[in-house]
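Please keep both in view while reading.

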Amino acid sequence: MTRVLVVDDETAIRRALAINLAARGYVVDAASSGEEALRLAAEHRPDVVLLDLGLPGLDGTDVIRGLRGWTNVPIIVLSARQDEPAKVEALDLGADDFVTKPFGMNELLARLRAAVRRAAPAGEAEAAVVTDDFRLDLADRRAVANDGQEVHLTPIEWGLVDQLVRHRGKLVTQRHLLQQVWGPQYGEEANYLRVHMARVRAKLEPEPSRPKYFVTEPGLGYRFLDGT
């Protein structure tokens, strides 16, 4: 059974999440502080963490740092903070997704299921990704349209595609993409990403102005969705 650690200092939210998750067959541990969250995570090794940022004592970003010191457990941040810097900081520290309060339970559950699927142990590394409109051979760095025509991607474009595909379904921050593709000295050049992502979409998306595979999360980064 999937074990979920719920971390929120608001009793009503903590209780509502625990009830809804337990009703769907999840095993739930609940913490009201950052210190308690780290202790429970070490004791029970959850499969996914739902984490509020505004906690007493150690706040949510401290909890992310603490968890990332020893585990890659998926972390979904739950926060009423609307400002983009808070979201970007959490994602750059290692959070896997961000849900803004108030949120719909169905959306949260869908994100939780997706996080658990992505974290599930895999067999051999995936060599290819096939969609309704193109195929990506990661090992050979080849893209082929569904009509059989090869699509030429530049090294920069391949770098972006590779990073997004390897984090399928996960929000990848602008900073991460810039540092992985251009180099560690980059991080703020969002215009680079806009230009090259537009080119990727023009080559791979059936409707580049309405992307369904390479999706923008405004102010945060990008996400690859393959329809599965």
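Arginine 24 is located in the loop that runs between helix H1 (11-23) and strand E2 (27-31). Helices (H or I, at least four residues) and strands (E, at least two) are DSSP runs, numbered from the N terminus. The model is a predicted one: local features need pLDDT of at least 70, and side-chain atom pairs count only at pLDDT 80 or more, whereas totals for chains, interfaces and linings use all residues. Residues are numbered from 1 along each chain as its sequence is written, and side-chain values use heavy atoms, with hydrogens and water left out.

With a relative accessible area of 43%, arginine 24 is partly exposed; buried means under 20%, exposed over 50%, and partly exposed in between (1.4 Å probe, protein chains only).

## Aromatic pairs

The whole structure contains 4 aromatic pairs. Rings of Phe, Tyr and Trp (its six-membered ring) pair if their centres lie within 6.5 Å; planes under 30 degrees apart count as stacked, over 60 as edge-to-face and the rest as tilted. Phenylalanine 134 and tyrosine 213 form an edge-to-face pair, because their ring centres are 4.9 Å apart and their planes stand at 70 degrees. Since phenylalanine 134 lies in strand E7 (residues 134-137) and tyrosine 213 in the loop between helix H8 (190-204) and strand E11 (214-217), this pair ties together parts that are 79 residues apart in sequence.

Phenylalanine 134 also pairs with phenylalanine 214: the centres are 6.3 Å apart and the planes at 15 degrees, so this pair is stacked. Phenylalanine 214 is in strand E11, 80 residues from phenylalanine 134. Phenylalanine 134 is buried at 2% relative accessibility, tyrosine 213 is buried at 3%, and phenylalanine 214 is buried at 0%. Ring pairs link Phe134, Tyr213, Phe214 and Phe224 into a cluster.

## Backbone features in two loops

Lysine 101 and proline 102 are joined by a cis peptide bond, with omega about -5 degrees. Proline 102 belongs to the loop between strand E5 (97-100) and helix H5 (105-119).

Arginine 45 is not a glycine, yet its phi is positive, at about 50 degrees. Arginine 45 lies in the loop between helix H2 (34-44) and strand E3 (48-52), and it is exposed at 56% relative accessibility.
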